[in-house]
Amino acid sequence: SRSELGDALQSFAKDAVPESWLRALGGTVSDAPSAPSAGQGRMPLGRWLRTMGARCELLQRWLRDGAPVSFWLDGLFAPVSLIAAVRQDVCRTRASEGWALDELATVGEVLALEREQLK
């Protein structure tokens, strides 16, 4: 709409992400830090665009090459949902061994590596 265009132009002039873009991604500037709009809504526009491009590349690689061996959690739109899905999949796969979701522990390791080093 005309008002969204005006709002977007004003946001560009302030080097900010337009609120309509954030809403289109399912959020607002005040959402949780892991949401695609939250911390990034407060980022300068150029950095937000680069990050969004990297997120798209991550998903395209995942579709093309299959699930990665490591994840850029902040690059996912809903990292908590991914962790829940992985837990459920592990329990389904190991059901014959008696694995129960409520007894499963999630362990992660933060690596001090750049994305390019994980190939």
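Predicted model: local features only at pLDDT ≥ 70, side-chain atom pairs only at ≥ 80, totals over all residues.
So, two helices first: α4 (45-65) and α5 (79-93) each give at least two residues to the lining of the largest pocket. Helices here are DSSP runs of H or I with at least four residues, numbered from the N terminus. By pocket I mean an open set of points on a 1 Å grid over the protein atoms alone, where a 1.4 Å probe fits, with protein on both sides within 12 Å along at least five of seven lines; a lining residue has an atom within 4 Å of a point.

Residues are numbered from 1 along each chain as its sequence is written, and side-chain values use heavy atoms, with hydrogens and water left out.

Back to the pocket. Its volume is about 1200 Å³, taken as the space filled by probe spheres set on the grid points, which are joined across faces, edges and corners. There are 31 lining residues, and nearest the centre lie Val 69, Ser 70, Phe 71, Trp 72 and Leu 73. What kinds of residues make up the lining? We have 18 nonpolar, four polar and nine charged.

Pro 79, Leu 82 and Cys 91 are its buried residues, buried being under 20% relative accessible area, exposed over 50% and partly exposed in between, with a 1.4 Å probe and protein chains only. Those buried residues pack against α4, and contact means heavy atoms within 4.5 Å.

Rings of Phe, Tyr and Trp (the six-membered ring for Trp) pair if their centres lie within 6.5 Å; planes under 30 degrees apart are stacked, over 60 edge-to-face, and the rest tilted. By this rule there are two aromatic pairs. Phe 12 and Trp 21 have ring centres 5.5 Å apart and planes at 65 degrees, so they are edge-to-face. Trp 21 also pairs with Trp 48, this time tilted, at 5.7 Å centre to centre and 35 degrees between the planes. Together, Phe 12, Trp 21 and Trp 48 form one aromatic cluster.

Which of the three is buried? That would be Trp 48, at 4% relative accessible area; Phe 12, at 36%, is partly exposed, and Trp 21, at 30%, is partly exposed too.

Phe 12 sits in helix α1. Leaving out neighbours within four places in sequence, Phe 12 touches Pro 18, Trp 21 and Leu 45. Ser 11, also in α1, is buried at 14%.

Last stop, the loop between α1 (2-13) and α2 (19-24), where we find Asp 15. Its phi is near 55 degrees, a positive value in a residue other than glycine. Asp 15 is partly exposed, at 41% relative accessible area.

Methods
Nonpolar A, V, L, I, M, F, W, Y, C, P; charged D, E, K, R; others polar.
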